[in-house]
Amino acid sequence: GELWLRMERMAEVEAIRDRLLQHGCRLRLEGLLLAARLAQQQLDLKTARDDLERADQEFPGSTEPLQRLCHLLWEAGDLVAAELRLAELTRRVPGDAAALHNLGQVRVRRGDIPGAAYAFRESLRLRPHSEATRRALLE
C-alpha cells in the first residue's frame, strides 16, 4: 500500500485499504493506518486524524497509531492536541525518550518553558547522549 501511495496510484491504495479493513486484528490495524496515510496524502487531515484515533481506540496495545497521530497534529500545527496526545504517549510508554523530547518541543512552542525543561530533562535521563535534547534544554 505504501508503495502505491508513493506512486500516487490512489485507486489501488483504496482497494488495498478496503480489503484490509474487512479483516480483524493486525490486518485491520494496517488498513486503518493506510487509510490515515491516504487521507493525509489527499490533505484530508480531519479524516486522517479520525482514522488514527479509531485505530488507537481499537488497538490500545499498539502505540503506532498514537505516534502517528502525534506527528500529524504537530505538522498540522494543533499544538494543544499534540501536547495532550504526546503526554498520553509518555504515560503509555514511559521509557520513550523521543516522545519526551517531542513533548518538550511542543511545550516550548506553546510557551510552557518549565514544562518543556522537565520533558527535556526526562528525555536526557533516558537518552543521556542526545545532543539535540541537550541543546533544546540549554536554549
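Predicted model: local features only at pLDDT ≥ 70, side-chain atom pairs only at ≥ 80, totals over all residues.

Biologist: Is L124 buried or exposed?

Modeller: A residue is called buried when its relative accessible area is under 20%. L124 has a relative accessibility of 12%, and therefore counts as buried.

Biologist: Which residues does L124 touch, apart from those up to four places away in sequence?

Modeller: With those set aside, L124 touches S130, T133, R134 and L137.

Biologist: How do α8 and helix α9 cross, and at roughly what angle?

Modeller: One reads the angle between the two axes, and angles over 145 degrees count as roughly antiparallel. The axes of α8 and α9, the latter covering residues 131–138, come within 9 Å and cross at roughly 150°. The two helices are therefore roughly antiparallel to each other. The crossing of α8 past α9 is left-handed.

Biologist: Which residues of α8 and α9 meet?

Modeller: From α8 come A117, F120, R121, S123 and L124, and these meet T133, R134, A136 and L137 in α9. By class, this contact has five nonpolar, two polar and two charged residues.

Biologist: Let us turn to α6. How many residues does helix α6 have, and how far does it reach?

Modeller: Helix α6 runs over residues 79–92 and has 14 residues. From its first C-alpha to its last it reaches 20 Å, close to the 20 Å expected at 1.5 Å a residue.

Biologist: Which residues of α6 are buried, and against which helices do they pack?

Modeller: The buried residues are L79, A81, A82, E83, R85, L86, A87, L89 and T90. They pack against α4 (45–58), α5 (64–76) and α7 (97–110).

Biologist: How do the axes of α6 and α7 cross?

Modeller: These axes come within 9 Å and cross at roughly 155°, and α6 and α7 are therefore roughly antiparallel to each other. Here, too, the crossing is left-handed. On the α6 side the contact is made by L79, V80, A82, E83, L86, A87, L89 and T90, and on the α7 side by A99, L100, N102, L103, V106, R107, R109 and R110. The residues of this contact divide into ten nonpolar, two polar and four charged.

Biologist: Which residues meet where α4 and α5 are in contact?

Modeller: L45, A48, R49, L52, E53, A55 and D56 in α4 meet P65, L66, R68, L69, L72, L73 and A76 in α5. Ten of the residues in this contact are nonpolar, none is polar and four are charged. The axes of α4 and α5 come within 8 Å and cross at roughly 155°; the helices are therefore roughly antiparallel to each other.

How values were computed:
Residues numbered from 1 in each chain as written. Heavy atoms only, no water. Helix = DSSP H or I, 4+ residues; strand = E, 2+ residues; numbered from the N terminus. Expected span 1.5 Å × (residues − 1). Buried < 20%, exposed > 50% of the residue type's maximum accessible area, 1.4 Å probe, protein only. Contact = heavy atoms within 4.5 Å. Axes fitted to C-alpha atoms, helices over the stretch in contact; angles between N-to-C directions. Parallel < 35°, antiparallel > 145°, perpendicular 65-115°, else oblique. Nonpolar A, V, L, I, M, F, W, Y, C, P; charged D, E, K, R; others polar. Left-handed = near helix turned anticlockwise from the far one by under 90°.
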